[in-house]
Amino acid sequence: MKLAIVGGGSTYTPELIDGFIRLHRELPIEELVLVDTDPTRLELVGAVSRRMLAKGGHPARLLTTDDLVVGVTDADAVLIQLRVGGQDAREQDESWPHEVDCIGQETTGPGGLAKALRTVPVVLRIADVVRQHAKPDAWIVDFTNPVGIVTRALLQAGHRAVGLCNVAIGFQRRFAAEAGVEPDRVALAHVGLNHLTWERGVFIDGIDRLPQAIEDNVGDLADTVELAPALLAQLGVIPSYYLRYYYAHDEVLHEQRHNATRAAEVRAIENELLGLYADPRVDTKPEILEKRGGAFYSEAAIELLIAIRGGTDQPRVVNLRNDGVLPFLPDDHVIEVPARHIDDRFVAEPVAALPDDISGLISAVAGYERLALEAAVEGGRDRVLRAMRAHPLVLQHERAEKLTDLLLAANGRFLEWA
């Protein structure tokens, strides 16, 4: 198997390498190519990755390149993990919305729209190269945020793609550890859109343990997602951490205005990681990488790649076409639910009807996502304004006008039409 990682100079990459080493029997990678346009990062991450593979006894040949065509040629799968604009653009996403009393976040709200506008055109160009040069049946695995919008862009353009997020696997691993069982004995009733999801059931050996978990440990579960215990008790489900931007918007906004941005924190962690990667003695995943985010990223990616290769029919939470699973959304919208890989395609597991408060919020955000993708593909201030105004965290026209101007001022250099 040849696997290409576009954005391979990311400080995340050693997390993947560590997973490849631990699970090499399940996923026999023969050639691994890291593709990146940043020569310094590529050199440092490539070097530590080679040392890790050597120490772990993994036989894969690792190559690094800034040439996308070379990297993806004859690849069996291509994993895309990009951050267009880097941490500097992220810091802006987390800052300028505050001027209009909105939360600043790189995947949710006004900042998420900015990231979509920067990212979608770049990913589509990469995907076109993959279509021309990778193997005809190669899959694109998208780990690039905003995953739901980016995955829909890929599918809409006819690419063989699936989106991946680590929120669900984080919950699965937590419940497995608490129950003292292997993770594959835990199945989640996970539903929603990327970064807008709820755990409606936690099944261990087919028995739903979530109601009892909420009754016995609602405080701990609420602390995990930083929401009020009363909210979880009333909903009877566990919202993802990203629901905090909706359910506790004003509290989050207050925190953001009085604390450093997450981008500043991550930048400091990345600088430390790059220093460690430059040390020829470092040949294992540094502990500080856990603070970088992306917990269980490698396991989620590897489980998905194993499924694509036909190694298991275990349901995995992915981003894929709706196709009637959530009847209140268009078929071509992208949702995040458990799915099995069957006959070379992902087939979603059935989803029970959702309560009105959850389906209503999903519908509203889905409407925004469709307008955001249109703006990202077609361009134009009017399309950006419509998408901005449609987001449930914005809505007011005057606020949307101001936010659109702030977005364009901060991101004009990334937008070919601006």
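His341 is buried, with a relative accessible area of 12%; buried here means under 20%, exposed over 50%, and partly exposed in between, with a 1.4 Å probe and protein chains only.

First, the ground rules. This is a predicted model, so local features need pLDDT of at least 70 and side-chain atom pairs count only at pLDDT 80 or more, while totals for chains, interfaces and linings use all residues. Residues are numbered from 1 along each chain as its sequence is written, and side-chain values use heavy atoms, with hydrogens and water left out.

Back to His341. His341 sits in strand E12, residues 334–342; helices (H or I, at least four residues) and strands (E, at least two) are DSSP runs, numbered from the N terminus. Not counting residues up to four places away in sequence, His341 touches Trp139, Ala307, Ile308 and Phe346, where contact means heavy atoms within 4.5 Å. Between the C-alpha atoms of His341 and Gln92, which are 249 residues apart along the chain, the separation is 38 Å.

Arg90 is another buried residue, with a relative accessible area of 7%. Arg90 belongs to helix H4, residues 86–93. Which residues is Arg90 in contact with, leaving aside its neighbours within four places in sequence? They are Arg83, Glu106, Arg262, Ala263 and Val266.

Now the chain as a whole. There are 16 helices and 13 strands. For 418 residues, a compact globule would have a radius of gyration near 22 Å, and the chain has 21 Å, which agrees. That radius is taken over C-alpha atoms, and the globule rule is 2.2 Å times the number of residues to the power 0.38. The C-alpha trace spans about 55 × 55 × 40 Å along its principal axes. Of the 418 residues, 57% are buried. Among contacts with a separation of 6 or more, 67% are between residues 24 or more positions apart. The chain exposes about 17,300 Å², and carbon and sulfur atoms supply 49% of that area; accessible areas come from the Shrake-Rupley method with a 1.4 Å probe, and for residues only the protein chains shown count as cover.

On a 1 Å grid over the protein atoms alone, a cavity is a set of points where a 1.4 Å probe fits but cannot get out, and a pocket is an open set with protein on both sides within 12 Å along at least five of seven lines; lining residues have an atom within 4 Å of a point. Grid points are joined across faces, edges and corners, and a volume is the space filled by probe spheres set on the points.

The second largest pocket holds about 460 Å³ of space. Its lining has 24 residues, and the closest to its centre are Ala187, Leu188, Pro315, Val317 and Pro338. Helix H7 (167–179), strand E7 (186–193), helix H13 (297–308) and strand E11 (316–321) each supply at least two residues of that lining. Which element gives the most? E7 does, with 6 residues. By type, the lining of this pocket has 17 nonpolar, 3 polar and 4 charged residues; Ala, Val, Leu, Ile, Met, Phe, Trp, Tyr, Cys and Pro count as nonpolar, Asp, Glu, Lys and Arg as charged, and the others, Gly among them, as polar.

How many cavities of 30 Å³ or more does the structure hold? There are 2. The largest cavity contains about 140 Å³. Its lining consists of 16 residues, with Thr107, Thr108, Asn194, Val365 and Glu369 nearest its centre. That lining divides into 7 nonpolar, 8 polar and 1 charged.

The second largest cavity has about 40 Å³. Gly148, Ile149, Arg152, His333, Val334, Glu369, Arg370 and Leu373 line it, and H6 and H14 are the elements giving two or more of those residues.

Last, backbone geometry. Most residues other than glycine have a negative phi, and most peptide bonds are trans. A cis peptide bond joins Asn145 and Pro146, with omega about -5 degrees, and Pro146 is in the loop between strand E5 (139–142) and H6. Asp74 has a positive phi, near 65 degrees, and lies in the loop between helix H3 (68–72) and strand E4 (77–80). Asp323, also not a glycine, has a positive phi of about 45 degrees and is in the loop between E11 and E12. Asp323 is partly exposed, at 47% relative accessible area.
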